[in-house]
Amino acid sequence: MSSESDKHALPPLITAAARALRDSRRLVVLTGAGISKESGIPTFRDAMDGLWARYDPHQLATPEAFERNPKLVWDWYEYRREMVRQAGPNPGHRAIVDLETYLPHVVVVTQNTDGIHQLCGSSDVITLHGSMLSNRCSRNCQGDPTLIDVDDLVWDRDSGPPRCPHCGAWVRPAVVWFGESLPPAALERAFDLSNQADVMLVVGTSGVVQPAANLPFLARRQGAVIIEVNPSRTPITAIADWHLAGPSGQILPQVIAALAEISHA
Ligand code: BV8
Ligand code: ZN
């Protein structure tokens with residue numbers, strides 16, 4: 001029975017996107033903070049609540065802010081890490097893992113630093129902006145990156161960040177701040193895959209932060225089909241073949257349901 005006749009027929013857009021995904025051979029999934037929203041993690045655009053409401057994340061996520069006030073920036077990350085530890089994958093993350101059941105190779109390129117795609121079981125994740133769950137010496141004194149496990153350190157946690165046990169410099173989150181370069185290997189692989197993709201699924205990104213925001217335009221330029229999942233329109237909507245307007249935790253499971261249906265049809 002074709003899905004159109006089924007009274008629960010998935011909206012045609014969902015089925016069209018599922019058909020494009022079924023036929024993909026080199027799928028790249030690009031995700032941003034929006035995919036973690038339904039896990040309870042506010043996006044950069046959301047006003048942070050309570051104590052942090054008065055700060056703009058774009059101002060705090062910078063080397064200058066850390067230099068000026070290491071305790072403020074460190075405490076902001078401790079607050080966000082606690083939220084991430086409480087959060088878990090949501091149905092949107094799980095749907096991206098489920099894609100691997102139907103497709104030969106799914107690469108997730110994420111701007112997020114929360115590690116949830118990896119936690120949820122995605123097998124090939126490129127993290128463009130590092131991981132807020134890891135810390136490093138701010139001087140990378142033992143090489144790039146000099147990761148430091150702060151659970152091995154004893155210091156007054158109310159005083160802000162600990163010092164590097166090797167060189168005494170501040171320990172900082174192992175993320176890429178505004179004004180800092182992205183890890184070259186991750187960025188190069190993300191560019192290569194976007195240049196070879198036949199389909200790019202773009203989920204939960206405002207398409208503002210560079211150079212990640214460039215990736216859908218690169219993919220489009222060489223002929224990839226672009227599918228965007230986002231409740232709002234973004235600069236990427238203009239080049240998307242389909243814009244599935246809604247929360248990814250609701251939309252992506254529907255896409256997987258449609259993919260399952262047409263894969264067994
Ligand atoms: C660099 C780690 C070279 C930290 C982050 C060219 C033009 C203009 C500016 C620049 C440019 N080149 C460089 C810049 C400067 C800057 C930049 O892009 N600025 C922006 C603000 C204009 N870029 C950089 O500095 C980058 N470095 O280019 O290096 C260089 C070197 C030296 C000097 C100059 C250049 C570094 C960028 C990395 C910054 N670090 N994260 C941390 O997380 O604490 S980026 C940070 O922003 C997060 O990772 C987050 O992912 C990202 C925010 O973007 P989004 O993910 O898109 O999230 P956002 O909140 O914006 O949007 C959420 C979306 O979800 C919305 O669209 C919403 O509608 C949607 N949504 C909401 N609910 C849902 C949903 N979607 C689905 N389901 C839902 N339920
Ligand atoms: Zn050090």
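In this report, buried means under 20% relative accessible area, exposed over 50%, and partly exposed in between, with a 1.4 Å probe and protein chains only. The model is predicted: local features need pLDDT of at least 70, and side-chain atom pairs count only at pLDDT 80 or more. Residues are numbered from 1 along each chain as its sequence is written, and side-chain values use heavy atoms, without hydrogens and water.

Helices are DSSP runs of H or I with at least four residues, strands are E runs of at least two, and both are numbered from the N terminus. In helix 9, the buried residues include Leu252, Val255 and Ile256.

A cavity is a set of points on a 1 Å grid over the protein atoms alone where a 1.4 Å probe fits but cannot get out; lining residues have an atom within 4 Å of a point. The largest cavity holds about 30 Å³, a volume being the space filled by probe spheres set on the points, which are joined across faces, edges and corners. Leu21, Ala95, Ile96, Leu99, Leu201, Leu252, Val255 and Ile256 form its lining. Helix 5 (91–102) and helix 9 (248–264) each give two or more residues to that lining.

Elsewhere, Leu218 belongs to helix 8 (residues 215–221) and is buried, with a relative accessible area of 14%. Beyond its neighbours within four places in sequence, Leu218 contacts Phe191, Ser194 and Asn195.

Technical notes: Chains are lettered from A and ligands numbered from 1 in the order in which they are written. On a 1 Å grid over the protein atoms alone, a cavity is a set of points where a 1.4 Å probe fits but cannot get out, and a pocket is an open set with protein on both sides within 12 Å along at least five of seven lines; lining residues have an atom within 4 Å of a point. Contact means heavy atoms within 4.5 Å.
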